[in-house]
Amino acid sequence: MKLIKRVVFGTALIAGALCLSGCDPQVYGNVGIQSGWGSGPHLTGSISVGGRIH
Amino acid sequence: MKRLGLWIVSLALLTSCAQTQVDLPAVVDSADTRLPGKIIWHDLISAQPEASQTFYQTLFGWQFEKLTLNTGFFSTSRYYLIRHNGELIGGMVDQADLNVKGNASQWVPVFASADIDQSAAAVDANGGERLGPIFDLRQRGRMAVAQDGQGALFAMLQTPEGDPADAGPAAPGGFLWNELWTTEVPAAREFYAAVMPYQVEQKSLRESVDYTLLKAQQKPRAGILKKPVEGIGSNWITYIRVANAQSLEAIVAQVEGLGGRVLLPIEAREAGGLAALIAGPSGAGIALQTWPVDNKE
């Protein structure tokens, strides 16, 4: 019982300390977004078939 | 007594952490109708927010307002509201505030959802991948970020009270259209029709090109097209309205001077009008299209 209390107490302290340095940001937060274009691709092809048609 | 004090402090920290939420302005001042499937917002994730700001300000006259959001006792992140002709049209996220590797700059379309829990579950059940939990953005609503089965990034938002009402096409410099360029059209068609209440309509622009319209509330909301270019993966492409050919030429001519790149030069479209694909300074691609198409180009 004493060990469990110590573990819970320690976890609470660590979590609290992490909070001091910032919780997970919540706008597109910790979600592992990858590059869609970022590396600057060289594109070949045509945009002629795309776009609004109505 | 000392131990009790530590317990109280720890619990207080945990409680305040749980209550630290980002509070973003609503996408619209007042609304009472839900339009699930409509793209109601766009966020630019930018690795170079200052340069992106100058780029879009100069080319399209957009105005940016920087918000500082508290994300913890001693931490903040930045979010920029984007206005066009005084109206809120989107936002910009500083990539430095995200836990990402490399350059993740891109435009993210945000789809209206009538029930974000149900929409998120539909992503899971139909081969998509949710990136993180559903975020509570308070005034803005509850949002989920996801990728479809081919990796195209999008977000879904359940607003608190309703979605922006339908109006005519945006003024020049505003968002005109959204289109998925994908490696797997049939799979993407099935996926989005399962996640959103879409009616799917196929159009043939010419014998070899099928264009899928995703319709909701009897209105075209987005398109799906087999990726017409090599060099990128499946992506949602956002189109900005340009008034005419002269304006398009003038905009494209300024792109490189502002740190961007012309990814695909101006071309005549199969369905009329002109289009081009450019990237801002951060590398995020965005398309330009003249509208309406019956202008004498």
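The accessible surface of chain B comes to about 12500 Å², and 49% of that area belongs to carbon and sulfur atoms. Chain A exposes about 2900 Å², with carbon and sulfur atoms supplying 64%. Such areas come from the Shrake-Rupley method with a 1.4 Å probe, and for residues only the protein chains shown count as cover. The model is a predicted one, in which local features need pLDDT of at least 70 and side-chain atom pairs count only at pLDDT 80 or more, while totals for chains, interfaces and linings use all residues. Residues are numbered from 1 along each chain as its sequence is written, chains are lettered from A and ligands numbered from 1 in the order in which they are written, and side-chain values use heavy atoms, with hydrogens and water left out.

Burial can be followed chain by chain. Of the 297 residues of chain B, 53% count as buried; for the 54 residues of chain A, the share is 43%. Here, buried means under 20% relative accessible area, exposed means over 50%, and partly exposed is in between, with a 1.4 Å probe and protein chains only.

Chain B holds 5 helices and 18 strands, while chain A has 1 helix and 1 strand. Helices (H or I, at least four residues) and strands (E, at least two) are DSSP runs, numbered from the N terminus. Contacts say something about how chain B is folded up: among those between residues at least 6 apart in sequence, 61% join residues at least 24 apart. A contact means heavy atoms within 4.5 Å.

Axes are lines fitted to C-alpha atoms, for helices over the stretch in contact, and angles run from 0 to 180 degrees between N-to-C directions. Angles under 35 degrees count as roughly parallel, over 145 as roughly antiparallel, 65 to 115 as roughly perpendicular, and the rest as oblique. H3(B) passes H4(B) in a right-handed crossing; a crossing is right-handed if the near helix is turned clockwise from the far one by less than a right angle, and left-handed if anticlockwise. Ser119(B), Ala122(B) and Val123(B) of H3(B) make the contact with Phe191(B), Ala194(B) and Val195(B) of H4(B). Sorted by class, the contact of H3(B) with H4(B) has 5 nonpolar, 1 polar and no charged residues. In this sorting, Ala, Val, Leu, Ile, Met, Phe, Trp, Tyr, Cys and Pro count as nonpolar, Asp, Glu, Lys and Arg as charged, and the others, Gly among them, as polar.

In the second pair, helix H2 (residues 49-60) of chain B packs with helix H5 (residues 245-255) of chain B at an angle of about 155 degrees, their axes being 10 Å apart. H2(B) and H5(B) are therefore roughly antiparallel to each other, and H2(B) passes H5(B) in a right-handed crossing. On the H2(B) side, the contact is made by Phe55(B), Thr58(B), Leu59(B) and Phe60(B), and on the H5(B) side by Ile251(B), Gln254(B) and Val255(B). This contact of H2(B) with H5(B) has 5 nonpolar, 2 polar and no charged residues.

Some details of the backbone come next. Most residues other than glycine have a negative phi, and most peptide bonds are trans. Asn85(B), however, has a positive phi of about 50 degrees although it is not a glycine. Asn85(B) is found in the loop between strand S3 (76-84) and strand S4 (87-94) of chain B, and at 58% relative accessibility it counts as exposed. Arg138(B) is another non-glycine residue with a positive phi, of about 55 degrees; it sits in the loop between strand S7 (135-136) and strand S8 (142-147) of chain B and, at 39% relative accessibility, counts as partly exposed. A cis peptide bond joins Trp291(B) and Pro292(B), with omega about 5 degrees, and Pro292(B) is found in the segment after strand S18 (285-290) of chain B.

Finally, two strand residues can be visited. Asp94(B) lies in strand S4 of chain B and counts as buried at 5% relative accessibility. Leaving aside neighbours within four places in sequence, Asp94(B) is in contact with Ser46(B), Pro49(B) and Arg78(B). Ser77(B), in strand S3 of chain B, is buried with a relative accessible area of 8%.
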